[in-house]
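Subject: Structure handover

Hello,

Here is the structure you will be working on next. Please open it beside this message and find each residue as it comes up.

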Amino acid sequence: AMEAACGPGACIREGDCAVLKRDDVFKAVPVLRRRKIIFEKQWFYLDNAIGHIYGTTFEVTSGGSLQPKQGVEEATTETKEAGTDNRNIVDDGKSQKLTHDDIKALKDKGIKGQEIVQQLIENSTTFRDKTEFAQDKYIKKKKKKYEAVITIVKPSTRILSTMYYAREPGKINHLRYDTLAQMLTLGNIHAGNKMIVMETCAGLVLGAVMERMGGYGTIIQMYPGGGPVRAATSCFGFPKHFFDNLHEFPLSKVESLLSGTFSTEAFPSEPEQNTLVEEESNGLSDEKQVTEEEPTTEASMEVSQTEEQETMDINTEDVEFKENKEKDIKENVREKQRKQWERRKKLIETAALLRERNSDGLIVASKFHPTPLLLSLLEFVAPSRPFVVYCQYKEPLLECYTRLRERGGVVNLKLSETWLRNYQVLPDRSHPKLTMSGGGGYLLSGITVVLDKGKSDSSHSEALKMEEPSSKRCKVQDLHC
Amino acid sequence: MSFVEYGDTIKDGDTAIVFLGHESMFPVKVQHGTVTQTKYGVIRHSTDLIGKKYGSKVTCSKGGWVFILHPTPELWTMNLPHRTQILYSTDISIITMMLELKPGSIVCESGTGSGSLSHAVIRTVAPTGHLYTVEFHQQRAEKAKEEFREHGVEHLVTVTNQDVCKNGFGVSNIADAVFLDIPSPWEAIGHAKSALKAEGGRICSFSPCIEQVQRTCLAMEECGFTEINTLEILLRVYNVRTISLQIPDLGKATEDNSGLGFDSSNPSNQGSLCANLQQGSVQFKSGVPLREMVGHTGYLTFATKS
């Protein structure tokens with residue numbers, strides 16, 4: 001009955017990427033049967049969650065099985081007795097009559113967390129003297145500790161960017177989720193765009209851009225090193241066709257592409273490969289031909305696979321290997337050559353896409369200095385299109401700003417930062433949350449315009465004039481603000 | 001051009017943005033035979049605009065020049081004719097992400113106001129999504145319809161002229177997200193719930209005052225919304241300036257300046273720091289906050305129907 005009510009994508013299915021949520025803590029996991037999950041000091045299996053709607057809250061019962069929680073029970077205290085202030089409450093450390101061992105015994109008996117909380121309240125001598133607010137707070141704290149409930153939610157940019165910022169900020173260069181939100185808007189990311197994305201944020205920014213483009217349009221991911229990292233991208237659980245128009249291009253080839261010296265001949269281990277391409281395209285592949293180059297891209301491309309799946313794959317490969325060694329080698333070589341040929345073909349295609357110099361925008365969020373990236377990658381962007389650069393630090397963006405002004409071809413340059421404040425909203429107890437994030441990075445954004453090469457000198461001097469005002473000019477400008 | 005699809009060249013009927021520099025710009029409706037006055041002189045649409053590339057520099061009659069930009073919801077927000085107080089891109093960004101909007105999303109909104117958020121939502125949900133927007137002020141509803149038509153997005157939006165608190169959104173069990181920017185959002189929470197899909201969705205309410213937030217949160221809880229969360233987002237903009245600070249004369253000889261930590265022989269040794277000791281000053285680049293900034297727009301309360 002549950003599955004019948006499910007719309008497309010609304011149900012938790014085997015093989016999905018799901019996100020576990022407990023209070024404000026998130027964890028992305030693949031949904032697999034008979035797979036033990038450890039989350040927030042608890043272990044359980046997701047088997048029972050399969051078939052339920054995303055957003056369902058489950059209770060963890062003994063043996064690690066999940067049971068959907070029926071409704072939310074309200075205030076467990078029947079006695080509405082409460083004190084008015086704490087003048088007579090003394091901290092003697094003896095207000096709780098249950099000992100540590102008693103509580104452990106309750107837990108071992110498999111008593112529901114809800115009942116443990118109730119017992120704690122009944123055995124607290126000071127509970128009745130606490131103010132209503134303090135009682136509330138006490139219950140909430142205990143519930144959090146003893147009631148083992150988790151919610152399974154569908155991954156989205158909102159969930160994953162919040163999760164990454166809380167769990168692994170270092171992997172995303174401390175890009176806070178509200179900053180990412182600004183990037184997507186400032187970059188006018190939408191269906192049908194031809195976007196260039198250069199990021200070293202585990203693929204989170206790429207995923208966010210892909211979500212906003214919904215499988216329409218083209219994305220070219222520029223990557224440093226051996227291949228793009230897409231660990232976070234795989235957590236989104238995008239349908240296959242979203243990857244059809246996702247291209248990647250190595251940063252190390254950008255200069256040659258811009259100067260016109262780029263050719264796939266310049267690619268490693270060449271001459272043999274060239275003949276291979278021709279032969280294969282004629283349908284006459286030479287099986288004996290061996291190319292040694294083991295692509296480094298491969299490993300990072302398959303980050304989506306879970307460890308368990310990977311080990312399984314290796315095991316089956318081993319078995320086959322023993323069974324049919326010779327055939328397997330031939331097949332492997334052929335497969336390798338085919339993959340290499342595919343990659344070269346894609347690289348040529350991507351180079352052609354970039355050479356059109358008509359991209360609809362540029363998004364940069366990396367650990368590298370932004371200036372060289374911007375100065376080169378903006379060449380691929382059409383006029384009157386937005387670009388956004390993220391940097392964890394302000395200073396490199398100051399330099400980037402100056403260099404862009406010197407270069408010309410950009411307007412509406414803006415250096416900005418957002419602050420995010422969360423609130424507790426409760427009757428008579430509303431206030432900003434005690435802690436807020438100290439920093440979520442900085443953005444430099446702007447719009448490209450037709451680059452007037454002949455007059456770049458004049459725009460240069462103009463830029464400098466703007467940049468280095470005398471103290472007098474400074475005053476005038478201040479007043480204009 | 002349309003607000004949901006880039007075009008390369010300026011065409012008759014387009015809405016273009018005339019950029020004069022320094023955040024000074026305005027929208028213009030491109031029409032054969034029309035002229036537009038700027039402080040740099042006249043722009044003749046037939047010869048200066050139509051057929052030109054977006055992003056081109058256009059020389060005006062007095063010799064000054066402007067850039068013509070392709071419209072985007074963000075540029076529109078900065079330039080639209082205000083009929084009400086509007087939402088700006090900083091708030092719009094977090095609303096869009098927290099409501100999980102994407103191509104295909106069905107969104108309900110009220111009120112339409114000046115259409116600032118509407119344009120951003122339409123851009124994001126196109127080409128397969130839809131916006132149902134409700135505005136109780138008849139004139140504003142009409143004006144919004146007209147703008148959507150001019151901007152080539154009317155197929156993506158339905159404007160209804162009614163009171164959302166009394167009559168709801170005019171649709172039920174259809175929306176992935178609901179957005180409220182009205183004086184008494186708590187009166188519309190029930191309607192918001194029934195507009196959302198049975199399997200759930202997200203809601204956001206924007207209110208300037210904490211008392212409004214208070215009542216809204218209570219109403220959301222009573223309606224069974226979960227994950228209720230209130231936040232506020234503030235934008236800080238920095239001017240990039242080269243600042244020059246004078247070195248005080250402490251009566252020391254100029255050769256003794258190394259004691260200050262500046263090495264005059266190597267100005268680049270501290271990044272952008274650059275000592276100019278002959279003039280007795282040190283220069284550096286700084287991101288200087290604006291003298292005044294927006295300190296509060298409104299509280300954003302988000303919740304989930306599940």
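The notes below go through what was found, one region after another.

Please keep in mind that this is a predicted model.

Chain A overall

Chain A contains 16 helices and 15 strands. It has 481 residues, and 47% of them are buried. Taking the contacts in chain A with a separation of 6 or more, 71% are between residues 24 or more positions apart.

For contrast, go to A:Gly260, in the loop between helix H8 (254–259) and helix H9 (271–281) of chain A. A:Gly260 has a relative accessible area of 61%, which is over 50%, so it counts as exposed. Its C-alpha atom is 23 Å from that of A:Glu342, a residue 82 positions away along the chain.

In soluble globular proteins, nonpolar side chains tend to be buried together. The largest nonpolar core here has 90 residues, and those with the most contacts inside it are A:Leu180, A:Met183, B:Ile68 and B:Ile95. Helix H6 of chain A, residues 204–213, gives this core its largest share, seven residues. Apart from it there is another core, of 35 residues, including A:Phe262, A:Leu398, A:Tyr442 and A:Leu444.

What does B:Ile68 touch, leaving out residues up to four places away in sequence? Its contacts are A:Ser384, from chain A, and B:Ile10, B:Ala16, B:Ile17, B:Val18, B:Leu49, B:Tyr54, B:Gly55, B:Ser56 and B:Val58, from chain B.

Cavities

Rolling a probe the size of a water molecule over the atoms shows where empty space is left. How many cavities of 30 Å³ or more does the structure hold? There are three.

The largest cavity has a volume of about 90 Å³. Its lining is made up of A:Met210, A:Met213, A:Gly215, A:Tyr216, A:Gly217, A:Thr218, A:Ile219, A:His241, A:Phe242, A:Asn245 and A:Leu246. H6 and strand E9 (218–223) of chain A are the elements that give two or more residues to this lining. By type, the lining has six nonpolar residues, five polar and no charged.

The second largest cavity has a volume of about 40 Å³. Among its lining residues are A:Thr179, A:Gln182, A:Glu417 and, from chain B, B:Leu235. Helix H5 (177–186) and strand E13 (410–424) of chain A each supply at least two residues of the lining. This lining divides into three nonpolar residues, five polar and one charged.

Chain B around helix H4

Helix H4 of chain B, residues 116–125, is mostly covered, with 10 of its 10 residues buried. Those buried residues include B:Ser118, B:His119 and B:Arg123.

B:Thr133 is in strand E8 of chain B, residues 130–134. Is B:Thr133 buried or exposed? With a relative accessible area of 0%, which is under 20%, B:Thr133 counts as buried. The side chains of B:Thr133 and B:Glu109 are joined by a polar contact of 2.6 Å. Not counting residues up to four places away in sequence, B:Thr133 also touches B:Ser118, B:Phe148 and B:Val159, among others.

Backbone points to check

Most residues other than glycine have a negative phi, and most peptide bonds are trans. The following places depart from that.

- The peptide bond between B:Ser110 and B:Gly111 is cis, with omega about -10 degrees; B:Gly111 is in the loop between strand E7 (106–110) and H4 of chain B.
- A cis peptide bond also runs from B:Ala126 to B:Pro127, with omega near 5 degrees; B:Pro127 is in the loop between H4 and E8 of chain B.
- A:Arg34, not a glycine, has a positive phi of about 50 degrees. It is in the loop between strand E2 (25–30) and strand E3 (36–39) of chain A, and is exposed at a relative accessible area of 65%.
- B:Glu100 has a positive phi near 60 degrees. It is in the loop between helix H3 (89–98) and E7 of chain B, and is partly exposed at 22% relative accessibility.

Regards

Notes:
Residues numbered from 1 in each chain as written. Chains lettered and ligands numbered in written order. Predicted model: local features only at pLDDT ≥ 70, side-chain atom pairs only at ≥ 80, totals over all residues. Heavy atoms only, no water. Helix = DSSP H or I, 4+ residues; strand = E, 2+ residues; numbered from the N terminus. Buried < 20%, exposed > 50% of the residue type's maximum accessible area, 1.4 Å probe, protein only. Polar contact = N/O pair within 3.5 Å; in protein donor to acceptor, adjacent residues only side chain to side chain. Contact = heavy atoms within 4.5 Å. Core = buried A, V, L, I, M, F, W, Y, C linked by side-chain atoms within 4.5 Å. 1 Å grid on protein atoms, 1.4 Å probe; cavity = no way out; pocket = protein on both sides within 12 Å on 5 of 7 lines; lining within 4 Å. Points joined across faces, edges and corners; volume = space filled by probe spheres on them. Nonpolar A, V, L, I, M, F, W, Y, C, P; charged D, E, K, R; others polar.
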